[in-house]
Amino acid sequence: MAAEGGGKETNEIKTQFTTREGVYKLLTHSEYSRPNRVPFNSQGSNPVKVSFVNVNDQSGNGDRICFNVGRELYFYIYKGVRKAADLSKPVDKRIYKGTQPTCHDFNPLTATAESVSLLVGFSAGQVQLIDPIKKETSKLFNEERLIDKSRVTCVRWVPGSESLFLVAHSSGSMYLYNVENTCGTTAPHYQLLKQGDNYAVHTCKSKSARNPLLRWTVGEGALNEFAFSPDGKFLACASQDGFLRVFGFDAAELHGTMKSYFGGLLCVCWSPDGRYIVAGGEDDLVTVWSFSDCRVIARGQGHKSWVSVVAFDHCTTSVEDGELPAEFSGSDEDFHEQIHFGAGRERANSSHSRLSKRNSTESRPVSVTYRFGSVGQDTQLCLWDLTEDILFPHLPLSRTRTHTNVMSATSPTASGQTVTTVSITSATNSSGTNIKDNVSNSSATGNPANSLPDSLPRSNSLPQATNPAGGSTPNSHTGSSCSSNSSKGNSIIDSSFIANKFATLSLHDSRKERHEKDHKRNHSMGHISSKSSDKLNQLSSSRTVKAEAAKTLGTMLCPRMEEVPLLEPLVCKKIAHERLTVLIFLEDCLVTACQEGFICTWARPGKGGLSQNNPANSPSGTVV
């Protein structure tokens with residue numbers, strides 16, 4: 001459901017919202033911020049970021065939270081929905097001079113009640129390894145800025161490793177580090193290891209072990225965020241040039257690409273089973289990309305400005321078990337036969353393998369609904385459902401029995417189907433696809449067009465048209481963004497599809513064109529220098545970007561708006577005064593943060609009870 005009303009209603013900050021599961025409530029006494037609770041003047045500061053880790057404390061309160069606000073870094077015991085936050089007692093607080101923390105990440109493998117390993121990236125390019133429990137600083141990487149002088153945009157521990165971590169910079173480069181190695185006293189020298197379409201991987205030439213182990217150069221402009229697949233085998237990169245690039249991490253091979261509708265991509269995340277990737281950015285859209293098919297399968301429209309964070313809710317999904325139809329069973333078998341796991345690192349979490357075990361049995365999920373969320377600079381939170389009518393358009397909606405648990409909530413749809421939301425507490429295994437097998441089996445994972453229903457499907461989407469005869473469509477990999485395809489950018493569009501466009505989509509397309517022009521005009525004007533030479537350079541660069549965008553629009557890299565289903569958000573609510581920078585789904589709540597430095601906890605339905613010592617657990621607000 002999109003945001004309703006205008007005027008005062010539109011500008012009202014929501015403290016509650018309703019989904020099929022029930023009411024999510026903001027717990028005002030579980031808000032984390034700087035101890036003085038004064039809104040932070042965010043002008044010119046880096047985005048507020050939040051990291052969590054569980055130290056397996058026997059007291060049952062093992063969650064720890066870290067967040068940065070301006071030059072400050074805080075580390076607290078996170079009490080979540082159970083107790084009110086005590087901001088007067090941070091476990092650790094650090095104030096930096098000459099630089100600001102930009103991102104951070106805990107290593108869950110080494111975390112204990114006595115010690116945690118926290119990586120912190122900085123605006124001047126350095127990376128620090130600290131232990132906020134022991135209040136120690138272990139090491140400082142890139143201290144002399146000989147490796148990279150640009151801002152650190154993303155830092156992550158390599159899944160399953162206690163010593164390897166990956167760092168991305170606004171220069172467009174990524175570096176693989178080992179905590180045991182030094183960075184040397186001279187600038188590193190590199191040797192080309194692998195090169196591909198707009199990316200290159202170099203090794204560091206040195207007689208002794210030193211950092212970095214590898215340097216990745218990806219795309220043009222800043223590398224804004226990267227995310228490892230749930231099994232740690234693949235790496236998705238969102239870049240300022242608007243491209244999503246997915247690599248096999250160990251082999252450093254490009255698996256597939258996708259292009260934003262307009263502008264840079266700012267954020268990216270994987271579904272819990274590794275089958276889908278969602279990216280967001282400066283086109284105000286969320287884009288869903290299929291890992292196995294290497295193609296855009298849906299877009300979501302609901303934000304009014306840049307999308308800053310996307311995240312899947314691994315605790316809320318809908319699974320219906322039953323016998324697979326023969327037409328789907330074959331393609332699903334082919335998908336799982338393509339799974340390729342290296343013998344290197346062990347899995348980050350053994351629970352990731354549960355989905356693959358379940359899928360190896362005769363009774364497999366016929367339908368699955370993925371819940372994901374997004375927040376943006378428009379201060380809005382959007383929740384989205386990705387359902388089987390979008391994921392498997394060639395299958396009829398399932399009528400099999402749905403298994404639920406305590407957090408389930410059932411509601412009928414317009415088509416008479418029953419929608420049941422189920423809480424799944426375990427993550428699942430990512431499906432890595434062997435590229436050579438993917439070429440040979442591409443016909444099994446084709447892309448039949450959607451049938452046009454009489455009413456909107458359960459996902460609140462506007463589906464694309466179909467071949468009226470019901471025949472198969474051309475192979476989905478023709479002109480696709482998979483690296484295994486030799487021909488790129490040759491989009492095949494059925495003539496009947498063109499004839500059956502929605503009038504609403506045509507209206508939307510014209511609105512999007514006006515919106516795109518406003519984006520380009522505002523973005524360009526904000527960066528043009530007063531010098532005439534800088535103006536010419538900016539205009540020349542803008543023309544180049546427009547020319548490149550024109551080449552990809554309408555191809556498998558970047559389908560037109562009417563060529564893929566359009567999702568509408570289940571929830572789209574204004575929840576802050578300043579732009580939102582954090583969205584994290586936890587088992588009993590979801591966590592958001594805004595640039596003012598306030599970290600908010602939203603209790604899931606039925607999970608909002610605080611301790612008796614803190615009875616004020618029902619914030620005022622309008623249920624919408």
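Biologist: Hi! Are Phe312 and Tyr370 buried or exposed?
Modeller: Both Phe312 and Tyr370 are buried in this predicted model.

Biologist: What do the two rings form?
Modeller: Phe312 and Tyr370 make an edge-to-face aromatic pair, with 6.2 Å centre to centre and 80° between the planes.

Biologist: And where in the chain do they lie?
Modeller: Phe312 belongs to strand S25 (residues 307-322) and Tyr370 to strand S26 (residues 364-376), so the pair ties together parts 58 residues apart in sequence.

Biologist: Nice. How many aromatic pairs does the structure hold?
Modeller: There are 25 aromatic pairs. One of them joins Phe228 and Phe249, edge-to-face, at 5.1 Å centre to centre and 85° between the planes.

Biologist: Which parts of the chain does that pair link?
Modeller: Distant ones: Phe228 is in strand S17 (residues 223-228), while Phe249 is in the loop between strand S19 (243-248) and strand S20 (253-259), 21 residues apart.

Biologist: Why does Phe228 count as buried?
Modeller: Because its relative accessibility is 13%, and the cut-off for buried is under 20%. Phe249 is buried as well, with a relative accessible area of 8%.

Biologist: Switching topic, which residues do ring pairs link into a cluster?
Modeller: That cluster holds Tyr32, Phe52, Phe67, Tyr74, Tyr76 and Tyr78.

Biologist: Last one, what sits over the ring of Tyr190?
Modeller: The charged end of Arg215 does, 4.2 Å from the ring centre. Elsewhere, Lys259 lies over the face of Phe243, at 5.9 Å from the centre of that ring.

Terms used: Residues are numbered from 1 along each chain as its sequence is written. This is a predicted model: local features need pLDDT of at least 70, side-chain atom pairs count only at pLDDT 80 or more; totals for chains, interfaces and linings use all residues. Side-chain values use heavy atoms; hydrogens and water are left out. Rings of Phe, Tyr and Trp (its six-membered ring) pair if their centres lie within 6.5 Å; planes under 30 degrees apart count as stacked, over 60 as edge-to-face and the rest as tilted. Helices (H or I, at least four residues) and strands (E, at least two) are DSSP runs, numbered from the N terminus. Buried means under 20% relative accessible area, exposed over 50%, partly exposed in between (1.4 Å probe, protein chains only). A charge sits over a ring if NZ of Lys or CZ of Arg is within 6 Å of the ring centre and within 35 degrees of the ring normal.
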